[in-house]
Amino acid sequence: MQVDLLDTPIEYLKGIGPKRGKILRDELNISTYYDLLHYFPFRHVDKSKFYKINEIQSDNVYIQLKAKVIKTETIGVGRKMRLVVTVEDDTGSIELIWFAGIRWVKDKFKINSEWVIFGKPTYFKGVYNIAHPEMEPVSEFSLINIDPLQPIYYTSEKMKQHGLGTKQLAKLTKTLIDQVYAVIGENLNKDIINRYKFLSRRDSLKEIHYPKNERNLDKAKESLIFEELFFLQLNILSYKHQRSVSIKGFTFSVVGDNFNYFYSNLLPFKLTNAQKRVIKEIRADMRSGKQMNRLLQGDVGSGKTLVALMCMLIAVDNNFQSCLMAPTEILANQHYNTISKMLGDMNINVGLLTGSSTASERKKLHEELQDGSLHIIIGTHALIEDIVQFKNLGFVVIDEQHRFGVEQRAKLWKKSITPPHVLVMTATPIPRTLAMTLYGDLDVSVIDELPPGRLPIKTIAAFEKDRQKVFRFVKKNIDEKRQAYIVYPIIEESETLDLRSLYEEFENIKQIFPSPKYSIDMLHGKMKPAEKDEAMLKFKNGETDIMVATTVVEVGVDVPNANIMVIENAERFGLSQLHQLRGRVGRGKYQSYCILISDYSKLSSEGRTRIQTMVNSNDGFEIADVDLRLRGPGDLEGTAQSGILELKIANLVRDERMLVVAKNEADRVLLYENGLNNPENINILKHFLLLKKKQKSFSQIS
């Protein structure tokens, strides 16, 4: 009964019908009673309170006024037409503005007619106005049947034009709650509900839309936030639990001659304690008999590649092959050169496979992979092609994994009947809340210290007025035989964006740093792979003094002699990207600098926070936390595409403590006797299966 009624198509609800039903589907993805019931208001307002016009002090809150019309005016023509209605009370006047649906409302507002006005003020050119307010004649308005806290829902202009504004949505939701309240059942078990004193689910859903008071509203939010995070964690952890039970992995029982020789004779620097700890964690996974799935987080320059290589040597010692997949040819080439150099005279066969590999190179690689004589292969997406077959693939490393899709990654480890051990690496520090959700089915290792001798990068905020001073500083360093990057946000000049472009500025840089004394080159994403590789190789070999580039240099390029990173229009970059770009310098023995040039007049408060955070901190995890707070989880790179963060009421930044509680409870349910099949967990199991059916599984993200 419960599922049948809540699955009723939305057009059957009184007051909706086919036309409005289609609008709700198209605009909000609301198709059923269940969907509308779970479309939560983003705010509640006290509609028993009236403001005076001179009391308006903020454009962040919705207000209610009582005022009379003193003037109406239609301004502009066609698409630029707007209706402006001026209203006043005994303290002042304010303009009400309509940009759409004008023909429906323009004849309603007679001079001296009195209205109750509800909306959100906007501050523009020194005065407040309200766009598209809700209007009700004073003569028809009554406080008698007004709920103390009125729900406010996000709506679109198209919805408002079809009578589906926030007021109408509230009315429809109330009708729905009255109709389905009796059949709303629990999704949690009694133990969890009683232990945390949660409201019943039916009362939570009623109070989230129409709360009796603030306390009930808070209790409803608490219950629904927990439930959403609980099932999110349950989905991820059940997959992890199932995999640990059902999927066996190769047992690497030996740490042999290759690992020991490398450790004793070829280490490029002494391992940090963090690197030693991570190698031990990976080693324990590899000899457990279960497939390893581990995320390795480490800031730029923390030595992740060295850790990955040492683990690949353990695979070689156990007669297994390894592969390392990188997102770009530049990064794949760098890994190949770095690893080949580290291995020195060891008898380890390392191959490189990219889109640029010739037919003869590919033929040789394919043969050596299949006969087992190639121990380690490094490459790009070319590694997942069907033709690439291994004799005994046992260890997979994926670098900057968020740049690969789920299916691409899965193809790689399906190249072995028994799944290989998987090490996912990222230089993008991930806040704990995101790690628990995006990578909840992975074990996490963190390299949280840099190799000895690394000098912290000095980050400096500069503005347009400082430009000549910045370039004098760059020139001084180049004269001392150092190199510099200058990064721009766009390649070509844009009519719509007033930003410095790479092509335009490349010519200016050549004027400031004239040939033949200075050598300048450029690097951007529209260049062919061979051109990019050639430009980068020249820079790496010291033949180029200044690399003028776009963010294509963000990932992985290692030039120890480059000690200056200048980022133009720094306000246009996200924190994570700024931190990644900064990590291109500071890799050698010289003091390095990151100079962020921005236009102060165009800096938003968020832009100022980003720049200040970069100046104050070199800690990638601290920067990631600020980034998460500023942008929200759904906007961070790689998260929006996963579908995992389409949360209806929970917020990973605000609700971190509840997320930890939900994770612990999900763990407890899964590990308790019979897990989800325990009769006490019948409600949890039913809702869990329903969610699985309703939405794309987000447990496959790693």
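This is a predicted model: local features need pLDDT of at least 70, side-chain atom pairs count only at pLDDT 80 or more; totals for chains, interfaces and linings use all residues.

Colleague: Why are α9 and α24 called roughly perpendicular?

Modeller: The axes of α9 (residues 214-246) and α24 (residues 682-694) cross at roughly 75°. Angles of 65 to 115 degrees count as roughly perpendicular, so α9 and α24 get that label. Their axes come within 11 Å.

Colleague: Which residues in α9 and α24 meet?

Modeller: From α9 there are Glu227, Phe230, Phe231, Leu234, Asn235 and Ser238, and from α24 there are Ile684, His687, Phe688, Leu691 and Lys692. Sorted by class, the contact of α9 with α24 has 6 nonpolar, 3 polar and 2 charged residues.

Colleague: On to the charged pairs. What makes Arg25 and Glu11 a salt bridge?

Modeller: The closest N and O atoms of Arg25 and Glu11 are 2.8 Å apart. The cut-off is within 4 Å, so the pair qualifies as a salt bridge. This pair links distant parts of the chain: Arg25 is in helix α2 (residues 17-28), while Glu11 is in the loop between α1 (2-6) and α2, 14 residues apart.

Colleague: And why is Arg25 called partly exposed?

Modeller: Arg25 has a relative accessible area of 30%. Buried means under 20% and exposed means over 50%, so Arg25 is in between and counts as partly exposed. Glu11, at 26%, is partly exposed too.

Colleague: How do you know that Lys476 and Glu480 meet in a salt bridge?

Modeller: The N to O value for Lys476 and Glu480 is 3.3 Å, and the rule asks for within 4 Å. Lys476 is partly exposed, with a relative accessible area of 48%, and Glu480 is partly exposed at 41%.

Colleague: Take Arg654 and Asp655, which form a salt bridge. Is Asp655 buried or exposed, and what makes it so?

Modeller: Asp655 has a relative accessible area of 10%; the limit for buried is under 20%, so Asp655 is buried. Arg654 has 54% relative accessibility, and over 50% means exposed, so Arg654 counts as exposed. The closest N and O atoms of this pair are 2.7 Å apart.

Colleague: How many salt bridges does the rule give?

Modeller: The count comes to 29 salt bridges. There is also a network of salt bridges, in which Asp191, Arg195, Glu665 and Arg668 are linked.

Notes:
Residues are numbered from 1 along each chain as its sequence is written. Side-chain values use heavy atoms; hydrogens and water are left out. Axes are lines fitted to C-alpha atoms, for helices over the stretch in contact, and angles run from 0 to 180 degrees between N-to-C directions. Helices (H or I, at least four residues) and strands (E, at least two) are DSSP runs, numbered from the N terminus. Angles under 35 degrees count as roughly parallel, over 145 as roughly antiparallel, 65 to 115 as roughly perpendicular and the rest as oblique. Contact means heavy atoms within 4.5 Å. Ala, Val, Leu, Ile, Met, Phe, Trp, Tyr, Cys and Pro count as nonpolar, Asp, Glu, Lys and Arg as charged, and the others, Gly among them, as polar. A salt bridge is a side-chain nitrogen of Lys or Arg within 4 Å of a carboxyl oxygen of Asp or Glu. Buried means under 20% relative accessible area, exposed over 50%, partly exposed in between (1.4 Å probe, protein chains only).
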